[in-house]
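The sequence and the structure come next.

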Amino acid sequence: MSTQKSISPRAWGELFLLGLIWGASFLTLRIALDEIPVLTAVLHRVFWAMLVLWAVVLVLRLPVPRNPGIWAAFLVMGALNNVIPFGLMAWGQLHIESGLTAILNATTAIFGVLVAALVFADERLTWRKAIGVGIGFCGVVLAVGAGQLTQFDPRSLGQLAVLGGTLSYALAGAWARARLGGLAPQVAAAGMLTGASLILLPATLVIDGPIAFALRPVTWAAIGYYALAATAGAYLLYYRVLGMAGSGNLMLVTLIIPPVAIVLGALVLGEELTPRAFAGFALLALGLAVLNGWIGRRRD
């Protein structure tokens, strides 16, 4: 019997809105990187989003954790879910197309299943999941190009950096389940971004130098979008969709993001992807469909 939660028209609308918001974030981040270094770009993303989410916590009068152990967990979560993946993906986008970055970002679901199977006894790797993971990885290899990965040029390293970021996202998911369960989503997100900001601020000052605020209007617009809309706003929307549609259906957003990023990259940046990248995305989408039970699950 299928236990897949149905999606209401409102949930569908908000799911597509979330996909549009995140899909455009790849373009705006790439625009910001034309003027500011990688760590500075990532610091802007987490710092301004942190302020917005703490304001939401205060308005809603949600309890703020006082346990030092939880704040230590926020630091680790900030590193795994923000500092490492945001940094790797931003660096990767300097060398590969924003659309390809979005395609590779969809492998987060694949890595998430594998990490959860290794860490949690109740999330074992079933045959259906194994087949979905296998198909998905074939799609990744096809999109990336196995031959390119043996050359270790900036393009192949950029792709590996993005894949490393998706693995970090998967580890963050396991860490959140193990250490941050029971917290209000808004508090967990604000605390995570606080941990990320505490790590990034000194690192940015040491590596990038003093933070410049005299930026072009287009750069500030890009920062405003990916920090306020694609991070703070998206986290709030993410949890709304999660509550309405369930975690399984929420994975559909990973299939909405790449087409949005590909179209925007082509229209604004003049990027082009090879037919192999599109074929790889199609295979990855099939793997995610099998993995989540949209294909191949028995229904009564």
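Which residues are linked in a network of salt bridges? They are Arg-10, Glu-14 and Arg-240. The model is predicted, and the sections below describe it on that basis.

Glu-14 has a relative accessible area of 12%, so it is buried. Through the network already named, Arg-10 and Glu-14 are also linked with Arg-240.

## Salt bridges between distant parts of the chain

Arg-216 forms a salt bridge with Glu-35, and their closest N and O atoms are 3.2 Å apart. This pair links distant parts of the chain, 181 residues apart. Arg-216 is in the loop between H9 and helix H10 (217-250), while Glu-35 is in the loop between H1 and helix H2 (38-60). Arg-216 counts as partly exposed because its relative accessibility is 40%. Glu-35 is partly exposed as well, with a relative accessible area of 29%.

A further salt bridge is formed by the side chains of Arg-177 and Asp-122, at 2.8 Å from N to O. Arg-177 lies in helix H8 (residues 154-179) and Asp-122 in the loop between H5 and helix H6 (127-144), so this pair ties together parts that are 55 residues apart in sequence. With a relative accessibility of 38%, Arg-177 counts as partly exposed. Asp-122 is exposed, its relative accessible area being 56%.

## A buried glutamate without a salt bridge

Where is Glu-271 placed? Glu-271 is in the loop between helix H11 (253-269) and helix H12 (275-291). Glu-271 is buried, yet it has no salt bridge. The nearest side chain of opposite charge belongs to Arg-30 and is 5.6 Å away.

Leaving aside residues up to four places away in sequence, Glu-271 touches Glu-97, Ser-98, Gly-99, Gly-265 and Ala-266. Among these contacts, Ser-98 and Gly-99 also take part in the packing of H4, where H4 meets residues of H11 including Gly-265.

## Helix packing

Two packed helices are described by the angle between their axes and the distance between the axes. For helix H4 (residues 98-105) and H11, the axes come within 7 Å and cross at roughly 170°. An angle over 145 degrees counts as roughly antiparallel, so H4 is roughly antiparallel to H11. On the H4 side, the contact involves Ser-98, Gly-99, Ala-102 and Ile-103. Facing them in H11 are Ile-257, Pro-258, Ala-261, Ile-262, Gly-265 and Leu-269.

H2 and H9 pack at an angle of about 150°, and their axes are 8 Å apart. This angle makes H2 roughly antiparallel to H9. The crossing of H2 past H9 is left-handed.

Helix H5 (residues 108-119) packs with H12 at an angle of about 40°, the axes lying 10 Å apart. H5 is therefore oblique to H12. H5 passes H12 in a left-handed crossing. Ala-109, Ile-110 and Val-113 of H5 make the contact with Leu-284, Leu-288 and Leu-291 of H12.

## Two further residues

Pro-202 is found within helix H9, residues 185-207. Its relative accessibility of 43% means that Pro-202 counts as partly exposed. Pro-202 and Leu-43 are 159 residues apart in sequence, but 10 Å apart in space from C-alpha to C-alpha.

What is phi of Arg-61? The angle is near 55°, a positive value in a residue other than glycine. Arg-61 is in the loop between H2 and helix H3 (68-93). Arg-61 counts as exposed because its relative accessibility is 76%.

Technical notes: Residues are numbered from 1 along each chain as its sequence is written. This is a predicted model: local features need pLDDT of at least 70, side-chain atom pairs count only at pLDDT 80 or more; totals for chains, interfaces and linings use all residues. Side-chain values use heavy atoms; hydrogens and water are left out. Helices (H or I, at least four residues) and strands (E, at least two) are DSSP runs, numbered from the N terminus. Buried means under 20% relative accessible area, exposed over 50%, partly exposed in between (1.4 Å probe, protein chains only). Lys and Arg count as positive and Asp and Glu as negative; His and the chain ends are not counted. A salt bridge is a side-chain nitrogen of Lys or Arg within 4 Å of a carboxyl oxygen of Asp or Glu. Contact means heavy atoms within 4.5 Å. Axes are lines fitted to C-alpha atoms, for helices over the stretch in contact, and angles run from 0 to 180 degrees between N-to-C directions. Angles under 35 degrees count as roughly parallel, over 145 as roughly antiparallel, 65 to 115 as roughly perpendicular and the rest as oblique. A crossing is left-handed if the near helix is turned anticlockwise from the far one by less than a right angle, and right-handed if clockwise.
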